[in-house]
Amino acid sequence: MSLARVGLGCANIAGLYAPVSAEAALQALEAAWEMGIRRFDTAPFYGRGLSERRVGDFLRSKPKAEYVLSTKVGRRLVAEGGAEAVRDEPAGPLPFRVEFDYSHDGIMRSIEDSFQRLGLTEIDTLYVHDLGAFAHGDAAPAHFRTFMDSGLKALERLKREGVISAYGLGVNENEVCIDVLRRASLDEILLAGRFTLLDRTAESELLPLCLERGTTIVAGGIFNSGILATGASGEAWFNYAPASADIRRRVEGMEAVVSRHGMSLAQAALNFPFSHRAVSSILIGTHKPESLRRNLELLGTRLPQSMLVELDPLVLR
């Protein structure tokens, strides 16, 4: 398995559920580099700017030709009221309030802010973050119209002027990807949790549409928030929440199947996304060097078709 197809998701180095120190974050980034990782994905939302600052501080000493950097737009960080907005957040983010803005001007301002936080002058790929009902509920249609009517023009301009090399969506749902692709071209989609060993809801419509439109998939959330790494026992999480009884039952069945085929659940989950030719790469998100090393050692296994057939009744579609 070429590590060119593996990236580090950098939400964890800014803390998701608990604070992560600057020293621990740097150790994770250094370990990823030493192991051969050259793709790094961040966002303003991760730690309210903390992830971008840490990634930029690390990459500033690296030759630009040796790495690929992606960040996101759609959320702008605002100082006014920021300290109060994050007062009760356990992960200790920076004191900024989030405003959603998918307009042309909002995206242009957001990327300039990202350049400042990163302390870098080059961003390769820009993803539109959490455009859709998963993040916005009833407000999703209005944000979608703003992006299609205004924000998309900013992405096209940034690519045309050479500020970025590619653009796309960074989301947790299939539907908004399909809605955009029916109206516009995208270079990439960073799709979290919707094409995994357990959740294959992207398989029926989105992935074929990506092949048709020439859009590649970067698979994120490949452990579905943890349950495909930890298994169904204990404090298992699925889609950022405690796993339901149904999800636990499905994963218990999957554990039994993959064990009969001589592999662990995590190994199967890590290698599964590469089974579809629309997937160009995966992201692994961790702030622990030992976890990253363990996961990289599991890559490169081709999943037998007989095993996938056995798993099929347990899959979410």
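Trainee: What are α4 and α6 to each other in their orientation, parallel or oblique?

Mentor: Before I answer, note that this is a predicted model, in which local features need pLDDT of at least 70 and side-chain atom pairs count only at pLDDT 80 or more, while totals for chains, interfaces and linings use all residues. Residues are numbered from 1 along each chain as its sequence is written, and side-chain values use heavy atoms, with hydrogens and water left out. Helices (H or I, at least four residues) and strands (E, at least two) are DSSP runs numbered from the N terminus. Axes are lines fitted to C-alpha atoms, for helices over the stretch in contact, with angles from 0 to 180 degrees between N-to-C directions. Angles under 35 degrees count as roughly parallel, over 145 as roughly antiparallel, 65 to 115 as roughly perpendicular, and the rest as oblique. Here the axes of α4 (residues 104–118) and α6 (residues 140–160) cross at roughly 40° and come within 7 Å of each other, and α4 and α6 are therefore oblique.

Trainee: Which residues of α4 and α6 make the contact?

Mentor: Contact means heavy atoms within 4.5 Å. From α4 come His104, Ile107, Met108 and Ile111, and these meet Phe147, Ser150, Gly151, Lys153, Ala154, Leu155, Arg157 and Leu158 of α6. Sorted by class, the contact of α4 with α6 has 7 nonpolar, 3 polar and 2 charged residues, where Ala, Val, Leu, Ile, Met, Phe, Trp, Tyr, Cys and Pro count as nonpolar, Asp, Glu, Lys and Arg as charged, and the others, Gly among them, as polar.

Trainee: Is Glu112 buried or exposed, or something in between?

Mentor: The scale is relative accessible area, with buried under 20%, exposed over 50% and partly exposed in between, for a 1.4 Å probe and protein chains only. Glu112 belongs to helix α4, and because its relative accessible area is 47%, Glu112 is partly exposed. Its C-alpha atom is separated by 23 Å from that of Arg38, 74 residues apart along the chain.

Trainee: Where is Pro273 placed, and what is in contact with it?

Mentor: Pro273 sits in the loop between α11 (265–271) and β12 (279–285), and it counts as buried because its relative accessibility is 0%. Leaving aside neighbours within four places in sequence, Pro273 is in contact with Phe195, Ala219, Ile222, Val279 and Ile282. Gly220, 53 residues apart from Pro273 in sequence, is 9.4 Å apart from it in space, C-alpha to C-alpha.

Trainee: What does Tyr240 contact, leaving aside its neighbours within four places in sequence?

Mentor: With those neighbours left out, Tyr240 is in contact with Tyr17, Phe134, Asn172, Ala192 and Ser225. Tyr240 is found in the loop between β10 and β11, and at 45% relative accessibility it counts as partly exposed.

Trainee: Which residues lie nearest the centre of the second largest pocket?

Mentor: A pocket is an open set of points on a 1 Å grid over the protein atoms alone where a 1.4 Å probe fits, with protein on both sides within 12 Å along at least five of seven lines, and lining residues have an atom within 4 Å of a point. In this model, Phe274, Ser275, Thr301, Arg302 and Leu303 lie nearest the centre of the second largest pocket, among the 11 residues that line it. That lining has 5 nonpolar, 5 polar and 1 charged residues.
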